[in-house]
Amino acid sequence: MKDILNVGLVGYKFMGKAHSNAFQRVGMFFEPSMDIRMKAICGRDEEWVKQAAQQFGWESYETSWEKLVQRDDIDMVDITAPSNVHKEIALAAANAGKHVFCEKPLALTLKDAREMLEAAEANGVRHQIGFNYRFAPAVQLAKKLIDEGKLGTIYHFRGLYLQDFIVDPDFPLVWRLDKEVAGSGALGDLGAHLIDLARFLVGDFDKVIGMSKTFIKERPIVEKMTGLSAKAQESAAMGKVTVDDATLFLAEFKNGALGSIEATRFAQGHRNGMSFEINGSKGSVRFELERMNELQYYNADDEEGTQGFRLIQATEGSHPYMQAWWPAGHIIGYEHTFVHEFYEFVEAIATGRKANPDFTDGVKCSQVLEAVETSIEEKQWIEVDSL
Ligand SMILES: NC(=O)c1ccc[n+]([C@@H]2O[C@H](COP(=O)([O-])OP(=O)(O)OC[C@H]3O[C@@H](n4cnc5c(N)ncnc54)[C@H](O)[C@@H]3O)[C@@H](O)[C@H]2O)c1
């Protein structure tokens, strides 16, 4: 008989639903070493959380995360609330001896992120951060090619994360536009994913310099909101946008590679356009999230005359995680990345090995985020390790 892992989830909207779906699917498609029990889901509004518990398949619900983390029948706490409450919940969960999964960015500040890592380590619990894009099979394939030396010496990482959901000046002031709740705007929300992918694929950042802009400085105050959609009040008063609408930065990696990263919510026509390209001495790879089953690969050793980017469909059974899903060519989607990340977290808990990416990766990402913000304030290059 397998051991049971009792999960408690905080948050039931966008990520809450994505994570709930993943918990349902892990045991159906993979063979995790522990059986997952969806024990309790938590949110502040009783009517909504009760409805979410029924719809997503949770055994019970709570309206206070404080209660959830203290429950004896919870082994792992999963945090999908906005970033301003990540720290409090993670500290309480770790101190109660629960394993902790936390959505990105880890915290509002680098200092808070470090505190979370220390608390998890001091309590000997497993910890993982929600950089789910690492778990797309095509991204894993890019990692494999780089690790095997197929790209040679890496020269460039070029990352774009383009969205357009707030271009309309009447789009209301959701929590993502409030620094006190979100920490930062396009940088922490979108740029964080690219920073993590760059670290995963190329290596650690050495120094950065950035620029950012808030194009629309005031927006209507909301009546009701989720993370990405909201309804403005009738004849709404205006409130101040306190985060960046767009941030761009240049970077140098410790291995000498150069990077450029652009994160914006003002790129008309791009709904969730995350993409990156990596160029090395022997070849290149390109990835686009909206075509996430594909990896483009250029091999400089290909015969002259037929050289060019080849399109690899990362859906063969030999590609990472694909054995568990469908026959080759039967594509998977966004929600599957979460299934892979929770499969890995359950295995880390079951075997006692370090989770990957863990809060250390969350701290390193926060260090880069803070270095970019400092570079913007001071208008100069900032060494990431100086923070
Ligand atoms: N990995 C990804 O790709 C990805 C995508 C979107 C969001 N995120 C991250 O996930 C987190 C949540 O984002 P979202 O889009 O799901 O937000 P959301 O607004 O859709 O959902 C937030 C949830 O948290 C709950 N909540 C807020 N404060 C709470 C509190 N004090 N106690 C209990 N519950 C509380 C809300 O009721 C809601 O259910 C953020 O940190 C965000 O950066 C990650």
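Predicted model: local features only at pLDDT ≥ 70, side-chain atom pairs only at ≥ 80, totals over all residues.

Colleague: How do strands of a sheet pair?

Modeller: Strands of a sheet pair through backbone hydrogen bonds, and the pairing may be parallel or antiparallel. Here, six strands form an open sheet with parallel pairing, in the order 3-2-1-4-5-6.

Colleague: Which are the edge strands?

Modeller: They are strand 3 (60–62) and strand 6 (127–129), each of which pairs on one side only. On average, neighbouring strands of the sheet are turned by 25 degrees against each other, direction ignored.

Colleague: Which strands does helix 1 lie across?

Modeller: Helix 1 (residues 14–29) lies across strand 1 (3–10), strand 2 and strand 4 (76–79), and runs at about 155 degrees to strand 2. Helix 2 (residues 46–56) also packs on the sheet, where it touches strand 2 and strand 3. The direction of helix 2 makes about 155 degrees with that of strand 2.

Colleague: At what angle do helix 5 and helix 10 pack?

Modeller: Helix 5 (residues 110–122) and helix 10 (residues 359–378) pack at about 170 degrees, and their axes are 9 Å apart. Angles over 145 degrees count as roughly antiparallel, so helix 5 is roughly antiparallel to helix 10. Among the residues making the contact are Leu-110 and Met-116 of helix 5, and Phe-359 and Val-363 of helix 10. By class, this contact has seven nonpolar, four polar and two charged residues.

Technical notes: Residues numbered from 1 in each chain as written. Axes fitted to C-alpha atoms, helices over the stretch in contact; angles between N-to-C directions. Helix = DSSP H or I, 4+ residues; strand = E, 2+ residues; numbered from the N terminus. Parallel < 35°, antiparallel > 145°, perpendicular 65-115°, else oblique. Contact = placed C-beta atoms within 7 Å. Nonpolar A, V, L, I, M, F, W, Y, C, P; charged D, E, K, R; others polar. Pairing = 2+ DSSP bridges.
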